[in-house]
Amino acid sequence: MNIYRTTQGSMSRLLTNTASRLNSEIRRAETQAITGLKLSRPSDGPADVASALKLRGLIEDQAEYDSNVTRALSFHSRADDALSQASEIFKRAKEIAVAGASETYDATSRAAMAVEVASLVENLSAVANSRMGERYLFAGNDYDEPAFDAAFAYQGSTDTPETQIAVTTWTRTGMDGSEVFQGSVDAFSVLQDLETALLANDPATVSAGISDLDAAFNHLTSWRQRVGNEENITLDAEETAGNISTILKDEFNNLVAIDEAETYTRLSELQQSYTAAMTVGSASVSGRLFDLI
Amino acid sequence: MGILSTLSSARSGLNAASVALDAASNNVSNASTEGYSRRSVRLENSDPIQIGSNWRGTGVSVAGVDRAYDVFVSRQLVASTGDQAEAESEYGVLYLSESWFNDVEIDGLPTMLQGVYDSLTQATQDPSDESLRREVATSSNTFATRVSSTAESLVDLQDQVQDRMDGELSEVNQRIQNIADLNKAVIASQGNAADLLDQRDIQISALAEQIGVDFHLEEDGSATVLLGGHTLVNGIEGRTLSVQHSAGESSFFVSIDDGLTGVSGEMGGAVGGMSTALDRIEGYLDDLDLFVEELSTQFNDQHALGFDASGTAGQEWFQAAGGGSHLAESFVFNQNLLDDMDLFAFAANASASAGDGENLRVMIEMETDGAFTGSKSGEGALLSLLSEVGEDAASALRSTEQQAVVLNDLQGLRDSISGVDLDEEAANLIEFQASYQAAAKVLRVSGELFDTLMDAVR
């Protein structure tokens, strides 16, 4: 057999195949240029597509964590405000107690002081029933009901709600009010005892209660610190999520997105190749000797 | 030897040149005819005659018109045609099935499952919040609907492929009979009818494209056509192929002696490619069924451990009632949960505090546990399936491209043997035109000599 014999049919087939191949590559390059994606189907790179989708899933996870972080930070901020107010109440209560323990004041003055302390008790009650939207901050999981009733009995849950802010990190979005306000020291009772002692014009008892006021203040301050710590952890998670998200997006883009300069150059090369192949091919297909007969 | 012999010799030259010009003309006319094998005229000396001690030539005779043909190359070409069609057909079907798993430009199954877990994660902000629960219900329902629609679409695709197989088989049986009929005509012509041989080659090649066959030539000129080791055409007898479909599977048979012999493993060409693709799609559906079963177990078991707003244990989260040929076709999110989101059992305690999301927390952790076959997560199982689908399509495409190169080489080889080169035919035309003109001149000179002789004796 003579494998060197070339016919117009084989030239025509070569031309058709070349046109088909170049057209296919041009179409692919055009699709990439239009979509900005170098992978448009799983078969374009099965392993890369699976990796890209895994990365996209992780990016979306970070977005969800980010949303939860925003919510958690709102809670932390609101809880910190509330505990700050509670601390201020005990600061003022201590000032009143120090004055009330002094022999300088008489019964009338102490009665007036007792009125202010009664108002502080009401303020503390309001703080303990603080809300963020419809949620009571210090009612634990039962946050849709007030944490304390009128008699300062805890109505909430000892379990607290948490929200996920990273793969393995959860943060509190509610607090157990019985621990915060009635833990090692019952903040309500301390204030009520001071009011009673002032009404009874009993400076000695008022003086003795100052240490309880300090203990309550310290207890609330320690809870404020805890909230602060959780806020720091949440902010840290937010920053970490942002960094991770940036890295993941870079990796995702490396896998999926086109290099625009490379794609446009390739497209231009392919179009030139197509024109050249068609020009040369169409000249080769015709039988030239016939023109000379 | 005399003037009359010269006249006779010149006439034979005219005849030979005329036949050669006919052959060249026919070649030029069929230069673009698919399957045409160029013809060439074989000339030989006419038998000489002895006059005394001398031998004198008597001109030229046409020994035959040859068809440029190589059976080895033709068999290779037929085999390659079947292989190329098989790869291309498989890729064509897998390309369509791949669309249902495309998760690059639009959200596919892995991304949508991710959406379910994302909505659960978001619900930890406030497990009792209605809008967050609605998001969970919507994402779960959308995901389940997508799973079932994917399964239904794949089953529909299988049905369409099987319908197409039926159509192909109908043509295949007609073609088998055509080849048997052409064998009959070729035997009758004693193997000399080049046009019939070309037609039969075209039919065999087309048959190879449809089901992938081999052939060999018999001494009587007939072609025996084989599918694997089974004879489809033997002389003037053609056998019938049939197909039996079941869900996602097609079996092929050839009728032999009033019985049916299975030839599914031998099937190639476009039908063989479709059959392979059908098997692969069935595999995807089986994987999807297994995924649905494992996901339902995972979600339903965990949801049952939690308590809803009324302190009742959780209902099934996902359901797959069956009914179709595949479990995944009936995969749904529990309508009760969709209608009443208070039934979400996110709490770990029956007291059902608004913020009790302990069971929700465990449900979120299911995202990364290895509860699926191969110790994969749910997303991992879907990504494996997607990779399998993509790899199958990519592999079929690579095979198509490789086979196209082989087929193209073989077509080039056949062209070099059997194809028409217009330059070559132009040269032949010039050569035979010159022969014809020369023979005509010899005839004229002979005629003049004869006239001279006649004038001398008048």
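**Nonpolar cores and salt bridges in a predicted model**

In this predicted model, B:L295 sits in helix α6 of chain B, which spans residues 269–304. B:L295 is buried, its relative accessible area being 0%, and it belongs to the largest nonpolar core, which has 80 residues. A search over all chains also finds 26 salt bridges.

**Nonpolar cores**

- Leaving out residues up to four places away in sequence, B:L295 touches B:L113, B:Y117, B:F143, B:F318, B:F331 and B:F372, and its C-alpha atom is separated by 9.8 Å from that of B:M366, which is 71 residues away along the chain.
- The members that touch the most other members of the largest core include B:L295, B:F143, B:L241 and B:W317, while helix α4 of chain B (residues 130–188) contributes the largest share of this core, with 17 residues.
- Apart from it lies another core of 46 residues, among them A:F75, A:V127, A:V206 and A:A216.

**Salt bridges**

- A:R92 and A:E116 form a salt bridge with closest N and O atoms 2.7 Å apart; because A:R92 lies in helix α2 and A:E116 in helix α3 of chain A, the pair ties together parts that are 24 residues apart in sequence.
- A:E230 and A:R172 meet in a salt bridge at 3.2 Å, N to O, linking helix α7 with strand β4 of chain A across 58 residues; A:E230 is buried at 17% relative accessible area, whereas A:R172 counts as partly exposed at 22%.
- B:R134 and B:E130 form a salt bridge at 3.0 Å between the closest N and O atoms, and both lie in helix α4 of chain B, about one turn apart.
- A network of salt bridges links B:R39, B:R67, B:D195, B:D198 and B:D201.

Terms used:
Residues numbered from 1 in each chain as written. Chains lettered and ligands numbered in written order. Predicted model: local features only at pLDDT ≥ 70, side-chain atom pairs only at ≥ 80, totals over all residues. Heavy atoms only, no water. Helix = DSSP H or I, 4+ residues; strand = E, 2+ residues; numbered from the N terminus. Buried < 20%, exposed > 50% of the residue type's maximum accessible area, 1.4 Å probe, protein only. Contact = heavy atoms within 4.5 Å. Core = buried A, V, L, I, M, F, W, Y, C linked by side-chain atoms within 4.5 Å. Salt bridge = Lys/Arg side-chain N within 4 Å of Asp/Glu carboxyl O.
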